Amino acid sequence: MLSRPAKRDLRAQSVEQWAEYLEGLGQPRYRAQQLFDWLWVKNAERIEDMSNLPKALRAQLEADFSYHKLAIAHRLQSADGTLKYGFRLWDGKLIEGVLIPSAHGVTACISSQVGCSLDCTFCATGYLRLQRNLEAYEIYEQVALLRTEAQAAFGEPLSHVVYMGMGEPLLNYRNVLLSIEKVTRPEGLGMSPRRLTLSTSGIAKQIVRLADDGLKTEFALSLHSAREALRAQIMPISLSNPLSELVPALVYFYEKTGTRVTYEYVLLDGVNDGPEDVEALIDFSRHIPCKVNLIEYNPIAEADYRPSREARTRAFEGRLAQAGVLVTLRRSRGKDIDGACGQLALRHLPAAG
């Protein structure tokens, strides 16, 4: 499943590995820092553009390494201003990312895998098969490209990044955390960790691992039901990671990091938006300090769900607020281009070739 280029990508090397490689070529070690700057700060398009490296060295790098940049395969704009991008990878595979402008800035939604191995029944990506994990530099480069696109399209810098696109980030743990490191380091894109949100469908042991590794970003759990049987029905991952295991993992995460968790909750008409559902969510919200983000469901061709009716949505939101739960309601953005939450499924894109 994990296809790889014939040559190792230049960005897969550490500074120390570059330094040893360069010494072997008779080059000074400081060239490693120059190389780092071209790759992670200046985001060079080609090795030959790295102008302060000797021409002979650039030729040697070309011979020994690959340097595959993401290509924008497609760009679609929604009536509400949202932009959806198709990115072509080195092997021809496609992923999607989204730029969402708002009064609070411009948010980039990025992918961590090609496809997804989970089977959330309300999510279009869940109906795609997993093809491979993204490398750390492929995740990072989505942010770098979308930052440039945000400035060009909206005249504003990128303000937030959410790991909520295609794939389950915690099933690509190492590469996701490496990408966060590159995005947040001053020698990278220099974004504040609190401007990033890592979202998961709920893998208990990896949540504990995040706590032990000192995750500094915001953290969201795609909950969608606080009733065990119902959650397992709409999110089969709950069969192997039940709420009874997620709760202690979340408590541990909060105690270690002090980060308030956001529970993402898509409202499905007549499925998870009734009185018993809201009471279960209130009870679940008492375990740790949290906030609940209610999400308007975006219909997909593969499922028969409908968005919760306005009266039920307002009643659900009102009961949470009455119980003292911090709650927000997120309306759909970009659904006319299949760019809204749960709709990323490579539609409207040219086939890989």
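Predicted model: local features only at pLDDT ≥ 70, side-chain atom pairs only at ≥ 80, totals over all residues.
## Helices H6 and H9

Contact here means heavy atoms within 4.5 Å. On the H6 side, Ala204, Ile207, Val208, Leu210, Ala211 and Asp212 do the touching, and they meet Glu245, Leu246, Ala249, Leu250, Tyr252, Phe253, Lys256 and Thr257 in H9. Sorted by class, that contact has 10 nonpolar, one polar and three charged residues.

The two axes sit 9 Å apart, at an angle of about 5°. Angles under 35 degrees count as roughly parallel, so H6 and H9 are roughly parallel to each other.

## The sheet and what packs on it

Now for the strands. Ten of them form an open sheet with mixed pairing, in the order S1-S2-S3-S4-S7-S8-S9-S10-S11-S12. Strand S1 (71-77) and strand S12 (326-330) are the edges, each pairing on one side only. On average, neighbouring strands are turned by 25° against each other, direction ignored.

Inside the sheet, strand S4 (residues 105-109) pairs with S7 in the parallel sense, over four bridges. Val106 stands opposite Leu158 in S7. H9 turns up again here: it packs on the sheet, touching strand S9 (218-222) and strand S10 (261-267), and its direction makes about 170° with that of S9. Helix H11 (residues 310-322) packs on the sheet too, touching S10, strand S11 (290-296) and S12.

## Helix H5 and its cover

Helix H5 (residues 173-184) reaches 17 Å from its first C-alpha to its last, close to the 16 Å expected. Its buried residues include Tyr173, Val176, Ile180 and Val183. Among the elements covering the buried residues of H5 are helix H2 (30-41), helix H4 (136-154) and H6. Just after H4, Gly155 takes a positive phi of about 65°.

Methods
Residues numbered from 1 in each chain as written. Heavy atoms only, no water. Axes fitted to C-alpha atoms, helices over the stretch in contact; angles between N-to-C directions. Helix = DSSP H or I, 4+ residues; strand = E, 2+ residues; numbered from the N terminus. Parallel < 35°, antiparallel > 145°, perpendicular 65-115°, else oblique. Nonpolar A, V, L, I, M, F, W, Y, C, P; charged D, E, K, R; others polar. Expected span 1.5 Å × (residues − 1). Buried < 20%, exposed > 50% of the residue type's maximum accessible area, 1.4 Å probe, protein only. Pairing = 2+ DSSP bridges.
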